[in-house]
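Me: Hi! I have a structure open and would like to talk it through with you. Could we start with the strands and then move on to the rest?

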Number of protein chains: 2
Amino acid sequence: MKTDIEIAQANEMLPIKEVAATLSLTEDDLKLYGKYKAKVDIKKINSLSEEADGKLILVTAINPTPAGEGKSTVTVGLGDALTRIGKKAMIAMREPSLGPTMGVKGGAAGGGYAQVQPMQDINLHFTGDMHAITATNNTLSALIDNHIQQGNALNIDQRRITWKRVLDINDRALRNIVIGLGGPIQGVPRQDGFDITVASEIMAILCLSTSLTDLKNRIGNIVIGYTFDRVPVTVRDLKVEGALTLLMKDALEPNLVQTLYHTPAFVHGGPFANIAHGCNSVLATKTALKLADYVITEAGFGADLGAEKFMDIKVPQLGKSPDAVVIVATVRSLKMHGGVSVKDLNSGENVEAVKAGFTNLQKHIENMQQYGVPVVVALNEFTNDTAAEIEAVVSLCAAQEVECIQTAVWAKGAEGGEALANAVVKAIDENTKAFVPLYVAEDSSIEEKIETIVTKIYGGKSVIYSKEAKNQLRQYKKNGWDRLPVCMAKTQYSLSDDQKAIGRPENFDITIRSFVPKIGAGFVVALTGDILTMPGLPKEPAALRMDVTEDGVVTGLF
Amino acid sequence: MKTDIEIAQANEMLPIKEVAATLSLTEDDLKLYGKYKAKVDIKKINSLSEEADGKLILVTAINPTPAGEGKSTVTVGLGDALTRIGKKAMIAMREPSLGPTMGVKGGAAGGGYAQVQPMQDINLHFTGDMHAITATNNTLSALIDNHIQQGNALNIDQRRITWKRVLDINDRALRNIVIGLGGPIQGVPRQDGFDITVASEIMAILCLSTSLTDLKNRIGNIVIGYTFDRVPVTVRDLKVEGALTLLMKDALEPNLVQTLYHTPAFVHGGPFANIAHGCNSVLATKTALKLADYVITEAGFGADLGAEKFMDIKVPQLGKSPDAVVIVATVRSLKMHGGVSVKDLNSGENVEAVKAGFTNLQKHIENMQQYGVPVVVALNEFTNDTAAEIEAVVSLCAAQEVECIQTAVWAKGAEGGEALANAVVKAIDENTKAFVPLYVAEDSSIEEKIETIVTKIYGGKSVIYSKEAKNQLRQYKKNGWDRLPVCMAKTQYSLSDDQKAIGRPENFDITIRSFVPKIGAGFVVALTGDILTMPGLPKEPAALRMDVTEDGVVTGLF
């Protein structure tokens with residue numbers, strides 16, 4: 001089997017304007033970035049608002065394990081498979097962050113014969129969205145510190161600035177820093193820290209905005225900290241929402257690319273689902289729904305993180321709920337949830353472990369069924385899977401009244417996803433239920449919303465708040481932020497906040513360490529356990545393997 | 001008179017592929033970034049190596065004053081004027097940095113009727129070169145700190161890391177910081193600081209590299225600091241030159257845009273001339289010389305900074321010296337060098353002040369004549385200039401055997417630069433002298449080179465070294481860096497290192513505070529006086545005036 005980048009380099013792409021033409025987009029509707037990438041003009045997007053929506057398919061997964069599940073791969077493969085069975089399909093997924101690419105992952109654009117193209121551009125600077133977010137976020141930081149240095153007319157308390165700087169890099173040394181050292185002309189000293197760019201509120205705003213005006217309004221609403229009298233200070237108070245919106249205006253436009261099979265794909269917006277809301281942009285998904293009959297989108301990590309936030313944070317902004325949910329699992333990862341270690345993964349058939357690990361998938365199926373949407377399980381094929389192991393998953397799914405379909409999109413591309421495509425279309429056609437939101441943000445307090453998520457989605461017992469979190473809750477109620485949705489920041493590896501509690505843990509508590517208000521994005525982040533908003537690099541970063549030759553051939557992205 | 005952005009928005013651009021066609025570049029030679037920007041493919045650039053070179057015109061200026069000189073404006077206008085008189089001309093200038101755009105400048109792409117287009121893109125994210133440099137620079141920083149955190153196999157002394165982080169933002173609070181706080185899993189604490197991106201060695205390398213292989217080799221040569229045994233540590237030791245080159249491969253390709261008159265222009269690379277080497281990329285200038293008969297390029301700030309570095313640092317890499325130098329001055333700025341304050345600039349005719357301030361221009365004329373290149377003075381017209389003031393400059397120039405030509409490209413565009421274009425062509429045609437380098441880097445020590453620059457270019461008396469600088473000189477000799485060229489970091493406002501010493505100061509000393517080795521770029525930076533490598537924002541940043549409407553119309557860039 002070839003590596004991902006070898007497959008990608010051997011594939012002939014179509015000029016993106018030809019791909020766009022299949023969606024009735026003209027060259028005038030596009031801003032080309034080379035031959036194979038384009039942004040869709042915001043004016044064209046605005047002109048589509050009266051068109052009917054296609055069907056929306058959300059791809060999610062069980063809690064990830066080191067064995068790998070292949071959620072992005074299934075997302076891409078399902079798009080190709082729907083095209084293959086004659087449907088007008090389009091993909092709307094997230095764009096990768098450079099930090100993990102240089103760290104562990106080495107790239108993220110699907111895999112095998114289910115990839116979006118040009119994968120090496122998508123994995124590097126792409127169309128510059130991440131860089132625009134970094135620049136916008138940090139320009140705001142510089143303007144805040146400059147405001148304080150130049151007399152602090154707004155009376156900002158430098159000990160209570162919640163706006164952090166960001167870089168699209170895994171850089172643990174920047175988590176906790178002291179800035180403004182060196183004497184009076186070098187700024188006002190204070191504690192600060194960098195998050196990874198995808199955790200920036202600017203990223204969340206990009207992903208939730210429905211227009212340039214909405215973007216500017218949300219940027220104006222951002223709370224950057226508090227005055228010495230504990231009054232929230234907004235970007236609007238600083239009078240820089242215009243300049244920051246200017247920096248973001250190109251980034252707001254969705255990026256159009258293609259799969260290996262030339263299925264059109266939006267790759268736009270990329271918040272992580274463990275520390276942010278984990279969904280691609282509302283504008284890309286909305287536009288895809290206008291342009292295609294079936295739109296396949298994904299949400300990050302397991303269904304406890306990305307899918308929950310899709311349903312409870314993104315759906316209200318999108319104005320549309322999924323017509324079907326696909327949950328991705330593999331025999332290997334179910335085995336790991338059943339207690340098998342990485343090194344024992346290749347020790348032959350182990351039906352009992354698969355059955356034991358199924359509890360994790362079962363919980364995610366139940367969770368998605370709570371929302372009233374039809375569920376299909378995609379069992380992503382690995383060569384070592386045995387017939388008995390597969391049969392165990394299929395029959396356990398059947399007991400949950402869910403079809404479990406084997407997919408082989410990684411090895412066989414569109415053909416390998418045909419059965420899944422047919423099952424998803426059938427599930428949509430036969431569905432009679434209506435979408436049931438987990439909570440209505442305006443109707444409950446932050447504590448009530450968190451309790452709902454913890455008990456109904458995670459399967460936990462109760463919620464413990466730190467002293468800091470309790471103080472913040474009182475303050476937020478006073479500020480009128482109590483009726484916002486909650487964005488949980490939690491480990492992706494477990495349904496609980498303990499990453500070692502695999503399978504389906506029970507009787508656990510969730511500890512809320514503190515909150516971060518993201519008033520521009522329109523939600524409050526709850527930090528659980530010891531979740532970090534700036535990752536670190538591993539001992540052997542993926543960067544060590546990367547190279548490029550004189551004529552521009554890239555190696556080491558995969 | 002309209003503002004720059006109003007003129008720009010009223011102007012109809014040609015699709016960049018049509019502009020490229022006038023240079024015999026096909027669509028296959030281009031990577032489009034929207035309709036009006038393109039990068040030229042490195043393969044096309046490599047294929048041009050055997051073509052004959054056109055004539056090279058370097059535009060420089062007197063020491064800048066608050067009155068403004070208009071060097072970029074004259075650069076652009078001269079390109080348009082040469083086209084107007086029937087020459088095949090092309091411009092090769094630097095790309096602006098976002099930091100000053102949000103700070104004082106509010107944009108930089110020429111002005112009035114001498115602008116490069118699309119000015120609002122060029123002033124914002126453009127084709128992402130600055131962001132690529134920021135990402136590359138900071139990925140290296142993260143890899144260094146991670147190396148130390150993960151066991152420090154290379155024995156790097158965290159107190160002696162010279163590689164700093166960068167952002168393309170004016171942010172004084174990041175000049176002096178402490179990183180790695182928070183305990184053992186958050187990194188190793190150490191002092192650090194951010195420079196502005198244009199000061200990054202990666203920027204210098206981008207601007208001096210002649211191929212992707214050269215770029216990779218230079219990146220490998222970067223010295224990031226020292227071991228506990230004082231041995232220099234390179235990027236090659238860290239084994240990440242491949243990954244960093246990968247991040248820079250698109251940025252290396254020159255950006256093609258156009259003027260208001262559709263003259264083709266490369267806008268590529270943007271080091272400041274006060275803290276870096278101040279010239280656009282060798283690759284853009286080289287390529288322009290292959291594509292056009294006359295190439296107009298500029299170097300930053302006064303001729304003591306940008307032009308000196310052009311001659312002594314860029315020319316050896318470019319393999320070609322200028323065929324003519326244009327020095328830009330204005331009556332207003334000469335008056336300021338003659339002692340007039342900003343508020344008295346509009347108090348009527350003052351021939352004596354003009355004559356007194358001419359000493360600054362005179363020194364720059366003498367300096368450029370030292371290099372054996374023909375010099376033309378461009379007197380950039382302002383409405384309040386009187387005939388007697390202009391005549392004073394013309395006759396003082398004549399005494400230096402230099403033509404002084406009035407230009408009105410800001411108000412009249414190409415037509416306003418015709419006389420200058422004719423004078424420059426004539427100066428080139430009649431020139432019989434050969435280029436004389438100021439120094440040959442390999443033949444002298446760092447101290448000898450600095451003495452040459454200080455006495456022959458600045459007109460100073462002698463050089464004082466701090467204790468730190470003296471220690472560094474000893475170390476650099478041991479490391480074999482003594483034969484590299486020197487890149488002076490000095491205030492732009494004076495020929496001396498005291499920004500208040502305007503006009504033509506004499507009998508002054510230059511103090512070298514410390515050195516920064518830029519072994520990948522291939523030079524040693526000498527920091528004089530209190531020059532800062534990270535600017536700050538002013539009390540009322542330009543950002544406060546910027547905005548964008550729902551349909552994407554931009555205001556406040558000028």
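Me: Which residue stands opposite Gly225(A) in β12(A)?
Reply: Ile161(A) stands opposite Gly225(A). Before we go on, this is a predicted model, where local features need pLDDT of at least 70 and side-chain atom pairs count only at pLDDT 80 or more, while totals for chains, interfaces and linings use all residues. Residues are numbered from 1 along each chain as its sequence is written, chains are lettered from A and ligands numbered from 1 in the order in which they are written, and side-chain values use heavy atoms, with hydrogens and water left out.

Me: Thanks! What is the order of the strands in that open sheet of chain A?
Reply: The order is β7-β12-β13, with antiparallel pairing. Strands here are DSSP runs of E with at least two residues, helices are runs of H or I with at least four, and both are numbered from the N terminus. Two strands pair if DSSP finds at least two bridges between them.

Me: Why is one side of β7 and of β13 in chain A left without a neighbour in the sheet?
Reply: β7 (156-161) and β13 (232-234) of chain A stand at the edges and each has a single partner strand, so one side of each has no neighbour in the sheet. The twist from one strand to the next averages 55°.

Me: And over how many bridges do β7(A) and β12 of chain A pair?
Reply: They pair over 2 bridges, in the antiparallel sense, with β12 spanning residues 223-227.

Me: Switching to the interface: how many residues of chain A are in contact with chain B?
Reply: 76 residues of chain A are in contact with 76 residues of chain B. The two chains bury about 6300 Å² between them, 60% of it on carbon and sulfur atoms. Buried area is the accessible area (1.4 Å probe) that two parts lose on being put together, summed over both. In chain A, Arg172(A), Leu246(A) and Glu550(A) lose the most area to chain B, together 10% of what that side buries.

Me: How many salt bridges are there between chain A and chain B?
Reply: The count is 6, taking a salt bridge as a side-chain nitrogen of Lys or Arg within 4 Å of a carboxyl oxygen of Asp or Glu. Among them, Asp171(B) pairs with Arg165(A), with the closest N and O atoms 2.9 Å apart. On the side of chain A that touches chain B, α7(A) gives the largest share, 10 residues.

Me: Which residue forms a salt bridge with Asp171(A)?
Reply: Arg165(B) does, and the closest N and O atoms are 2.9 Å apart. This pair crosses from the loop between β8 (165-167) and β9 (177-179) of chain A to strand β8 (residues 165-167) of chain B.

Me: Last topic, the backbone. Where is there a cis peptide bond in chain A?
Reply: One joins Gln117(A) and Pro118(A), with omega about -5°. Pro118(A) is found in the loop between β6 (114-117) and α6 (119-123) of chain A. In chain B, the peptide bond from Gln117(B) to Pro118(B) is cis, with omega near -5°.

Me: And what about phi at Asn507(A)?
Reply: Asn507(A) has a positive phi of about 55° although it is not a glycine. Asn507(A) sits in the loop between β21 (486-489) and β22 (509-518) of chain A.

Notes. Axes are lines fitted to C-alpha atoms, for helices over the stretch in contact, and angles run from 0 to 180 degrees between N-to-C directions. Contact means heavy atoms within 4.5 Å.
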